[in-house]
Amino acid sequence: MGVKMKRITVKSIVEMKGERRITAITAYDYTSALLADAAGFDVVLVGDSAAMVIHGYDSTLPIGMEEMSMHVRVVARVVKRALVVADMPFMSYQASESEALKNAGRFMKLGASAVKVEGGREVAPLVAKMVAYGIPVMGHIGMNPQKFNIYGGFRLQGRDKEELLKDALALQDAGAFSIVLEKVPTESAKYVSERLRVPTIGIGAGPYTDGQILVFHDVLGLIPGLNFKFVRRYLNGYEIMKEALERFREDVLNGNFPSPEESYD
Ligand code: KIV
């Protein structure tokens, strides 16, 4: 019998604050979920960044509940250890509370252990409702990609650390178990992280958050041309994979594939 793996829960994520850093990454399908879990991340977020890195859109706005449900279903089935968080897509939670609860409930039924919503004080009453009905919520403040039309691009936010803290406290008071801080100055992220009971998970927020998250495709360099300052690329995956595909194609053209060993008698 194999060793039983201890599943990461919302409670264990909260308890990591001040003990050790929280590691998080996004995943969208069988391969990315398998790799993320095997690498030992604490949190696997089925991000609405799927709109950009899986479906090829310029923003996260076009993706809806149908596509996200497909991603959540497979990731929740494959991941055995990490906490699976499902990202609520644009307009799946803003229009009405009842629609928001139904959509969040749908992700939970598909196997997610929590949902994530973007926004601060404006979503706090909704977060409180979700938590009251048994749906753990991860908050997301600072640069909210779903608001990029308001900002005029994916611009740095959260320069006013007191305002950022008000949003963070509203989410914490509403029952959010952790909060993503995206693309905010290091000083603001530090200020907020030091004043919360719940952990912060940073992306483009400097080194003082309680954890870090990056997008799977950014870490592995799978999308050419995507190069944010806050991303560290650990692999030039696009070039490496393209080269392998070119070699296979060449081998077909020059008759090197398949060999006798790769053929049946
Ligand atoms: O959708 C996403 O991938 C995210 C992370 C970048 C936090 O929201």
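Predicted model: local features only at pLDDT ≥ 70, side-chain atom pairs only at ≥ 80, totals over all residues.
Residues are numbered from 1 along each chain as its sequence is written, and side-chain values use heavy atoms, with hydrogens and water left out.

**Exercise 1.** Describe the largest pocket and its lining.

*Solution.* Begin with the term: on a 1 Å grid over the protein atoms alone, a pocket is an open set of points with protein on both sides within 12 Å along at least five of seven lines, whereas a cavity is a set where a 1.4 Å probe fits but cannot get out; lining residues have an atom within 4 Å of a point. A volume is the space filled by probe spheres set on the points, which are joined across faces, edges and corners.

Next, the volume of the largest pocket is about 510 Å³. Its lining has 24 residues, and Q212, I213, L214, V219 and Y234 lie nearest the centre. Two or more lining residues come from each of β1 (22-26), α2 (30-38), β8 (211-214) and α10 (216-219). These elements are DSSP runs numbered from the N terminus: helices (H or I, at least four residues) and strands (E, at least two). With four residues, β1 gives the most.

Finally, sort the lining by class: 17 nonpolar, four polar and three charged. Here Ala, Val, Leu, Ile, Met, Phe, Trp, Tyr, Cys and Pro count as nonpolar, Asp, Glu, Lys and Arg as charged, and the others, Gly among them, as polar.

**Exercise 2.** Determine how many cavities of 30 Å³ or more the structure holds, and characterise them.

*Solution.* The search of the whole structure finds two. The largest cavity has a volume of about 410 Å³. It is lined by 26 residues, with S49, P145, E182, I203 and V215 closest to its centre. At least two lining residues each come from α3 (50-53), β6 (178-182) and β8. The classes are 14 nonpolar, five polar and seven charged.

The second largest cavity holds about 30 Å³, and its lining consists of D218, L226, N227, F228, V231 and R233.
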